[in-house]
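Here is a short report for a first look at this structure. Keep the sequence and the 3D view open as you read.

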Amino acid sequence: MELLRFTTAGSVDDGKSTLIGRLLFDSKSIFEDQLEAVKRASIQKGSEYINLALLTDGLRAEREQGITIDVAYRYFATPKRKFIIADTPGHIQYTRNMVTGASTANVAIILVDVRNGVIDQTYRHTYIANLLGIPHIIVCINKMDLVDFSREAYEKIKEDFQEFATRLQLNDVRFIPISALKGDNVVEPSVHMTWYEQGTLRNILENIDITSDHNFIEPRFPVQYVVRPLTGEHHDYRGYAGRIAGGVFKKGDKVIVLPDRLTSTIRSIDTFQQQISRAYPPMSVSFTLEDDIDISRGDMIVGEKNPPEVGQEIRAMLCWFNPKPMQLNGKFILKHTTREVKAMVKEVIYKVNVNSLEEIKDGKTLVMNDIACVRLKTTKPIFYDPYKQNRITGSLILVDEATNETLAAGMIL
Amino acid sequence: MVMEGLSLSHLRELESESIYVIREVAAQFERPCLLFSGGKDSIVLTHLAKKGFWPAKIPFPLLHIDTGHNFIETIEYRDNLVKELGVQLLVGSVQQSIDQGRVVEETGYNASRNVLQTVTLLDTIETCKFDAAMGGARRDEEKARAKERFFSHRDEFGQWDPKNQRPELWNIFNGKKKMGEHFRVFPISNWTEMDVWQYILLENIPMPSLYFTHQREVFNRDGVWLAAAPFMKLRPGEKVEVRTVRCRTIGDISCTGLTLSTADSLEDIIAETAATRVTERGSRFDDKRSEAAMEDRKKEGYF
Ligand SMILES: Nc1nc2c(ncn2[C@@H]2O[C@H](COP(=O)(O)OP(=O)(O)O)[C@@H](O)[C@H]2O)c(=O)[nH]1
């Protein structure tokens, strides 16, 4: 059984919570005591049906305000797959949550209220999904019950969306007309929309091909921790522990160790009490090498061919998360794979208006939820790939030196 | 480009993610510890740590917050495990916190030391100067937990501010903190109860006998079966009887609800888990206090 991670996005009241509640409920992932609690809360709030949206309302602050304000994670499984949902809110001011939820997702579900059609928020969400490199997008056109399950209404939205999407070069986009409230095309096929034949949402989630979502081409192994038992039979053991970030490593492979560009050969790939012949993303393993070279956390073991870029001047798309605006030439801690360096933003090349996709050239600062193309300079080199090629070696975060807060996320160009 | 055979099962992917998180803790913090309760989640967490550092020993101590109201089986299991792994065990004692006047023992029929644990935990973290405490909490357990980060920041009072959490992207974890602050880290955040049992079966991890069916003296309170023990005061009308039960979660005796069950193998437990219609937490007494019970306790610094 495989693991699939997806994120959901939509504007307030598009029906996101209802949809998730429905997926969980129809997959029998809701327990009786949870359902009882929701029933009680629904009656208290004067709702005439069980409000499935309440299932996913997490913290008290949110229950009080009746809105979702942070990323919450949900789980369900079908006989085919296990699913992890990153449930993120749709408010403009919470772009950072959507970016967070999108960072590890294989699939983005974008909700559109059929009565409102494609709106600015839809553009924004699709743009972010694409920026964060989510390989598959499913557009759910919701509340079909409110327009008599009209095929024309659905086709119109599909057309509008596609017209916008051509500007973004999306790989895999699908459309489903649904009613999250009534359940049409969520888990059960709709009897009201026999004209739609591409499968229910759950069906698509179960079958979408995600095997090629990892990079299996360029071998990348950021060293996370050095294992040194220093005792008994393993006295001289020196293992480099980490998680494969790209490519396939095999025992006997010639490798290069960055930043010193020393070469060696993989003597063994170890997991608990055994050696394996090859390792690939996202496995956690330890390598031992034939040569005794000095390697520590933050170094990277890579394949001989197609090495990553090594540099101190980086162009990246940056999403600013903090209420405190970004100032040019301010110093940050930059975290990239297992490496940590100091960095400065030297230039804002352009900001993106995510509603129109226009590039705005006059920016010197960034405020919360801004997305911009910037030039970064680091005090020491980092070893990276373009984000489009590898989501692990292409991503970074900026941390405030004084408050330790995570200020921004970056996708390297 | 699709390559043959290059995929991991969901259990192996979860395992790999958790080992990655545990290794990040060992790398980013100076004095981490692993909170060991004797329940299945902390047993799996310890197993993952063992795998992640092999052939070296686990490079941090286990910390048990002992309410003094434990099942004997839990303590035996704990002591054997520690011996086998060759790791250090530290015990924070709630009884000692009571004796020192740090907390006041609850009274009445529903008295429990569960809430008191928070003070003992925070005190122990402070005296031992731990800067990170790993726990086996999972996001599917409870709705307040669904929003937890892997790396969860705590201020110098040990408190959690759910509205001001650091964004956590990809697998880049920000463990930076000021003096006196610490982190709670939850490496098995993404596991469900079912994943945990399937993994225990896959890895053949020995489990405390409490999880399997056995005869025990119990009594029924508000629909929940609780174990009889000297410190468990019976209300009028409650009577002790012998039943065939097992634990679905293991905590301190006062809040561990027992399930009537004849499951005596991991396969049986998995079948039971698949069929069950109430949450694990539904059988815990501590969460029944109010809708937001868990969230409130977590803000204070609970596990
Ligand atoms: N008629 C109809 N109403 C829906 C549907 N989906 C959601 N709603 C309603 O729309 C409102 C907002 O839904 P909710 O799930 O809370 O939206 P969220 O803000 O996106 O999470 C609620 O009153 C839902 O009952 C649907 O498919 N049809």
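## A patch of negative charge

Four aspartates of chain A gather on the surface: D260(A), D291(A), D292(A) and D294(A). Together they form a patch of negative charge. The model is predicted.

Where does D260(A) sit? Its place is in a loop of chain A. Strand β11 (254-258) lies on one side of that loop, and strand β12 (262-271) on the other. D260(A) has a relative accessible area of 54%. Exposed means over 50%, so D260(A) counts as exposed.

## Strand β1 of chain A

Strand β1(A) covers residues 2-9. Is this strand mostly covered or mostly open? It is mostly covered: seven of its eight residues are buried.

β1(A) pairs with β3(A), which spans residues 81-87. The two strands run parallel, and seven bridges join them. In this pairing, R5(A) stands opposite I84(A) of β3(A).

β1(A) also pairs with β4(A), residues 107-113. This pairing is parallel too, over four bridges. Here T7(A) faces A108(A) of β4(A).

## Strand β23 of chain A

Now turn to β23(A), residues 406-412. How many of its seven residues are buried? The count is seven of seven.

Which strands pair with β23(A)? One is β17(A), residues 309-320, in the antiparallel sense over five bridges. W320(A) stands opposite A408(A) of β23(A). Another is β22(A), residues 395-400. That pairing is also antiparallel, and it also has five bridges. L396(A) stands opposite G410(A) of β23(A).

β22(A) and β23(A) form a hairpin. Five residues lie between the two strands. In this hairpin, N404(A) takes a positive phi near 70 degrees.

## Helix α5 of chain B

The last stop is in chain B. Helix α5(B) runs over residues 117-127. Which of its residues are buried? They are Q117(B), T118(B), T120(B), L121(B), L122(B), T124(B) and I125(B).

Follow the chain past the helix. Just after α5(B) comes K129(B), with a positive phi of about 55 degrees.

How values were computed. Residues numbered from 1 in each chain as written. Chains lettered and ligands numbered in written order. Predicted model: local features only at pLDDT ≥ 70, side-chain atom pairs only at ≥ 80, totals over all residues. Heavy atoms only, no water. Patch = residues over 30% accessible without salt bridge, like charges linked within 9 Å, V, L, I, M, F, W, Y side chains within 5 Å. Areas by Shrake-Rupley, 256 points an atom, 1.4 Å probe, with all protein chains shown as cover. Salt bridge = Lys/Arg side-chain N within 4 Å of Asp/Glu carboxyl O. Lys, Arg positive; Asp, Glu negative; His and termini not counted. Charge placed at Lys NZ, Arg CZ, Asp CG, Glu CD. Buried < 20%, exposed > 50% of the residue type's maximum accessible area, 1.4 Å probe, protein only. Pairing = 2+ DSSP bridges.
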